[in-house]
Amino acid sequence: MTDQKRAALGLSFPVLVLLALLAVPRVVLHDLSVIEPGTLVNWLLVFVPPLVWIAVVLVRRVPNPFVTLLVVGIVYGVFLALGHQLLWNQSFGDEQPTLGGNLSDLAPGVQAVIIRGFSVISSLVTGTVVGAVSGLVALVAQRLLRVRT
């Protein structure tokens, strides 16, 4: 990452990656069925990483926390997609997802490519949305903190 890009984001690329990695344990634990939705541990693994992201950009006073956390979210989306793909068989076991309706006649391999492809897209969108929402919260918090000081 060039110094100009680092200055625009306020954090180096390795730090952005480390922040995104904070959210990866939930992906692994969920896909391996170690944690269940609705439990306290799951809630902590869902909300603590974005709260840490927000705290870091506020403490470091990045120029634009929305853009910075959007990038973190995109990187998280990549990790999310990789995690789901790598743990696919452990997650679904012998009951692999299949398409229904008119698409149920497609060959199993074609169905797998379609389903996994949509999983990747969904992961990237999810990460991006988490980053955008976190960035918006951080941006509002940053502006409110500036008003008070």
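Start with D31. In this predicted model, D31 counts as buried because its relative accessibility is 4%, and buried means under 20%. D31 sits in helix α3, which runs over residues 24-31.

Now show what surrounds D31. Leave out residues up to four places away in sequence, and D31 touches G83, H84, L87, Q90 and S91. Next, select N89 along with D31. These two are 58 residues apart along the chain, but their C-alpha atoms are separated by 9.5 Å.

Zoom out to the whole chain. Read along the sequence, the pattern is α-α-α-α-α-α-α. The C-alpha trace spans about 60 × 35 × 25 Å along its principal axes. The protein has 149 residues, and 32% of them count as buried.

Next, select the largest nonpolar core. In soluble globular proteins, nonpolar side chains tend to be buried together. Here the largest nonpolar core holds 18 residues. Pick out L11, W53, V57, L69, V72 and Y76, which touch the most other members. Colour by helix: α2 (13-21), α4 and α5 each supply at least two residues of this core. Which helix gives the most to this core? It is α5, with five residues.

Stay on V72, one of those core residues. Set aside its neighbours within four places in sequence. V72 is then in contact with L16, L19, A20 and W53.

Now move to the largest pocket. Its volume is about 290 Å³. Its lining has 16 residues, and V46, F47, P50, Y76 and V130 are the closest to its centre. The largest share comes from α4, with seven residues.

Colour the pocket lining by class. How many of its residues are nonpolar, polar and charged? The lining has 13 nonpolar, two polar and one charged residues.

Finish with the surface view. The protein exposes about 9100 Å². Carbon and sulfur atoms supply 69% of that area.

Technical notes
Residues numbered from 1 in each chain as written. Predicted model: local features only at pLDDT ≥ 70, side-chain atom pairs only at ≥ 80, totals over all residues. Heavy atoms only, no water. 1 Å grid on protein atoms, 1.4 Å probe; cavity = no way out; pocket = protein on both sides within 12 Å on 5 of 7 lines; lining within 4 Å. Points joined across faces, edges and corners; volume = space filled by probe spheres on them. Helix = DSSP H or I, 4+ residues; strand = E, 2+ residues; numbered from the N terminus. Nonpolar A, V, L, I, M, F, W, Y, C, P; charged D, E, K, R; others polar. Core = buried A, V, L, I, M, F, W, Y, C linked by side-chain atoms within 4.5 Å. Buried < 20%, exposed > 50% of the residue type's maximum accessible area, 1.4 Å probe, protein only. Contact = heavy atoms within 4.5 Å. Areas by Shrake-Rupley, 256 points an atom, 1.4 Å probe, with all protein chains shown as cover.
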